[in-house]
Structures are given as C-alpha cells and as structure tokens.
Amino acid sequence: MAEVSVKAEASAQQQSDDGDNKKTVESNGDSAAENQTLSKSQRKKLLKQQKWEEERELRKQRRKERKQQRRLQRQSHHQEEEEEEEGAYSQSPRKRPRREVTPSSLRLVVDCSFDNLMLMKDVRKLHKQIQRCYAENRRALHPVEFYLTSLGGQLKQSMDEKDKGWVNWKGISFKTEHYSEVVAKEDLVYLTSDSPNVLEELDQKKAYVIGGLVDHNHHKGITFERAKELGIDHAQLPLSSFVKMNSRKVLAVNHVFEIILAYLEKGSWQEAFFTILPQRKGAVAVDQDGATVREKEEEDSDSDPDTDTLEQTRKRT
C-alpha cells in the first residue's frame with residue numbers, strides 16, 4: 001500500500017509540473033505573439049516609456065542641481081544689491097588715523113514715515129543703512145546732528161530684534177514724531193532726486209531730510225510729492241554737474257548721508273561723490289562743458305593729432 005501511495009504522489013507531482021511548464025510556454029507564446037502584433041510606432045512608444053522610467057532618478061538629480069544653481073544665483077544677486085545699496089569700504093574703521101573732530105551744526109534727518117510702503121526685507125535693508133549712517137557719523141571729521149523721525153512699526157521691530165543696543169546710541173535723536181514736528185518748517189530742506197532745484201552749498205543752519213525708503217522705484221517721486229504737500233524747501237544733490245553714472249541716479253540713504261559728511265570734510269562735491277559712490281555705479285567725472293573727462297580726452301586726441309607728432313619730434317631732437 002505504501003508503494004502505491006508513493007507512486008500516486010509522484011504521478012500527481014509530474015502532472016503539476018507538466019501543467020506549470022505548459023502555462024509558461026503558453027505565457028511566453030502569448031508575450032511573443034503580443035510583441036509580434038505591436039506596430040512599429042507602438043514598439044517605439046514602449047521603448048520610450050521604458051527609457052523614461054530608467055532615467056527617472058537621473059532627471060530628479062538634474063532638477064535638484066538646477067534648483068541649487070538658481071538658489072546660488074539669487075543669493076549672489078541679493079548680495080550684490082546689498083553691496084550697491086550699502087556701499088563698499090576699502091579701509092577698515094579701526095585703521096583710520098585719529099583726527100581732531102569739529103562737530104557741525106548742520107542737521108541730517110532720516111524720514112522713516114514710509115514704513116507701511118515697504119516689505120520687511122526692505123525695512124531690514126533700511127535698518128542696515130541707518131546703522132551705516134550712525135557709524136560713519138561717529139567717526140566723521142565734522143559729525144552732524146543726526147535725527148531719526150517717525151520711528152516705529154516694522155523698522156523699530158527690526159531694530160529691537162537685530163540690534164538691541166540701538167537705545168544706547170550716542171549723538172543721535174530718536175523721535176516717534178514726524179520731522180515737521182521736530183524741526184521748524186523754515187529750516188527744512190528735503191533732499192530728493194526729483195526736485196528741479198540743485199543744491200550748490202550746504203547751509204549750516206538748515207536741516208536736510210533724507211527719505212528713509214527702500215522700494216526699488218515702486219513709489220517713484222513720493223518724497224518730492226511729500227515735500228510739496230508740506231510746503232517745505234526741496235533740492236537734489238549736484239550729482240549731474242560732477243558725475244555721469246551708468247546706473248540709476250537714486251542713491252541709498254547711507255550714500256546721501258556719507259556724501260554730505262565727505263563734502264563737509266573736503267569742501268568739494270566731486271571729491272565727495274567719488275569718495276563715497278561704489279564702483280558698481282560706474283561713476284565718471286564730468287567737466288564744466290558737461291562732457292566726461294574720458295570723452296574730452298578722446299575728443300582732444302582725435303581733433304589735434306599734429307600736436308602729438310610735434311611733441312614726439314621735440315623729444316627725439
């Protein structure tokens with residue numbers, strides 16, 4: 001009986017194996033038949049789909065690399081923009097020689113009443129510019145009376161978060177009031193590049209107002225309009241009379257502040273401009289005729305070639 005049972009099991013296993021082999025043959029046959037029934041176009045699509053699946057990870061890696069590259073480009077752009085707005089300084093403050101300081105009676109006011117027109121990231125840029133103004137005034141040869149008016153909102157929040165020591169700053173007056181409530185109206189002069197009036201000299205009795213606004217020209221002309229609304233004097237720095245730039249004429253708050261400090265020290269607008277303006281602005285000196293010094297040199301060279309020849313002849317003899 002045991003022998004019969006073993007034979008029966010072996011027979012059943014053989015039949016099962018034969019069935020599986022038959023199914024495999026049938027499956028392979030069906031697959032081959034299916035491939036034979038696919039058109040050339042369908043086979044191309046199938047191969048394309050298989051290749052797409054195989055390269056999935058490669059595409060993912062490439063997307064990651066492109067994203068990282070764009071992020072680095074944005075960071076580089078923001079850094080250049082901040083350097084342009086804040087200015088570049090070739091000499092460390094600690095290396096500056098000690099000089100005899102003579103305070104000026106001139107007042108410089110940063111009008112911070114534009115807080116609601118700026119994004120927080122631009123408010124933080126304004127905060128940095130104000131820090132620069134304060135630092136430069138502290139080590140200036142003729143420091144001015146520095147006022148910060150309409151202080152509040154996002155700017156005060158940024159100062160509280162990023163620079164808690166600002167409350168101990170010396171030589172600066174912090175005011176929550178508008179500048180028109182701090183300084184007599186007849187003493188005010190708003191510095192704005194949109195004014196038709198050109199500032200030739202600084203009046204030590206005046207208070208010059210600088211608009212505390214970083215908006216990338218989104219609110220063009222607003223400082224000029226505010227000055228007219230209040231009926232106060234306004235003027236622009238004599239930039240066009242001395243300098244030709246390849247970039248926008250609007251300057252950052254700290255640039256205007258530092259140019260005035262430099263003018264008080266040097267007594268020359270041109271020296272002040274070229275001392276402070278960053279190289280990125282592409283500033284070129286302008287002569288009295290309105291032409292740049294470089295253009296003048298080229299014109300003289302083209303119009304009078306015989307002079308050079310005569311000079312060379314004299315040197316040879």
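How many bridges link E1 and strand E5, and in which sense do the two pair? E1 and E5 (residues 207-211) pair in the parallel sense, over five bridges. Two strands count as paired if DSSP finds at least two bridges between them. Strands (E, at least two residues) and helices (H or I, at least four) are DSSP runs, numbered from the N terminus.

A quick word on the ground rules. The model is predicted, so local features need pLDDT of at least 70 and side-chain atom pairs count only at pLDDT 80 or more, while totals for chains, interfaces and linings use all residues. Residues are numbered from 1 along each chain as its sequence is written, and side-chain values use heavy atoms, with hydrogens and water left out.

Back to the sheet. In general, strands of a sheet pair through backbone hydrogen bonds, either parallel or antiparallel. Here six strands form an open sheet with parallel pairing, in the order E3-E2-E1-E5-E4-E6. The edges are taken by strand E3 (172-174) and strand E6 (233-235); each has a single partner strand, so one side of each is left without a neighbour in the sheet. From one strand to the next, the twist averages 25°. Axes are lines fitted to C-alpha atoms, for helices over the stretch in contact, and angles run from 0 to 180 degrees between N-to-C directions. Val110 stands opposite Ile210 in E5. Helix H7 (residues 222-230) lies across E4, E5 and E6, and runs at about 155° to E6.

Strand E1 (residues 107-111) also holds Arg107. With a relative accessible area of 16%, Arg107 is buried; buried means under 20% relative accessible area, exposed means over 50%, and partly exposed is in between (1.4 Å probe, protein chains only). Contact means heavy atoms within 4.5 Å. Leaving aside neighbours within four places in sequence, Arg107 is in contact with Glu145, Tyr147, Val183, Asp187, Lys205, Lys206, Ala207 and Tyr208.

One of those contacts, with Asp187, is a salt bridge (3.5 Å, N to O). Asp187 sits in the loop between helix H6 (179-182) and strand E4 (188-191), and Arg107 in strand E1, so the pair ties together parts that are 80 residues apart in sequence. Asp187 is partly exposed, at 23% relative accessible area. A salt bridge here is a side-chain nitrogen of Lys or Arg within 4 Å of a carboxyl oxygen of Asp or Glu, and by this rule the count comes to six.

Another salt bridge joins Arg56 and Glu53, whose closest N and O atoms are 2.7 Å apart. Arg56 is partly exposed at 39% relative accessible area, and Glu53 is partly exposed at 38%.

The side chains of Lys156 and Asp160 meet at 3.0 Å, N to O. Because they are four residues apart in H5, the two are separated by about one helical turn. Lys156 is partly exposed at 33% relative accessibility, as is Asp160 at 30%. Residues up to four places away in sequence aside, Met159 touches His127, Leu148, Leu151, Lys164, Trp166 and Phe174. Between Met159 and Val123 there are 9.8 Å in space, C-alpha to C-alpha, and 36 residues in sequence.

H9 (residues 253-266) has 14 residues and reaches 20 Å from its first C-alpha to its last, close to the 20 Å expected at 1.5 Å a residue; the expected span is 1.5 Å times one less than the number of residues. Of the 14 residues of H9, 12 are buried, so the helix is largely enclosed by the rest of the structure. The buried ones include Val253, His255, Phe257, Glu258, Ile259 and Tyr263. Just after H9, Gly267 takes a positive phi of about 75°.

In soluble globular proteins, nonpolar side chains tend to be buried together. A nonpolar core is a set of buried Ala, Val, Leu, Ile, Met, Phe, Trp, Tyr and Cys residues joined through side-chain atoms within 4.5 Å. The largest one has 59 residues, and Leu202 and Ile259 have the most contacts inside it. H9 gives the most to this core, with nine residues. Not counting residues up to four places away in sequence, Ile259 touches Leu237, Leu251, Trp269, Ala272, Phe273, Ile276 and Leu277.
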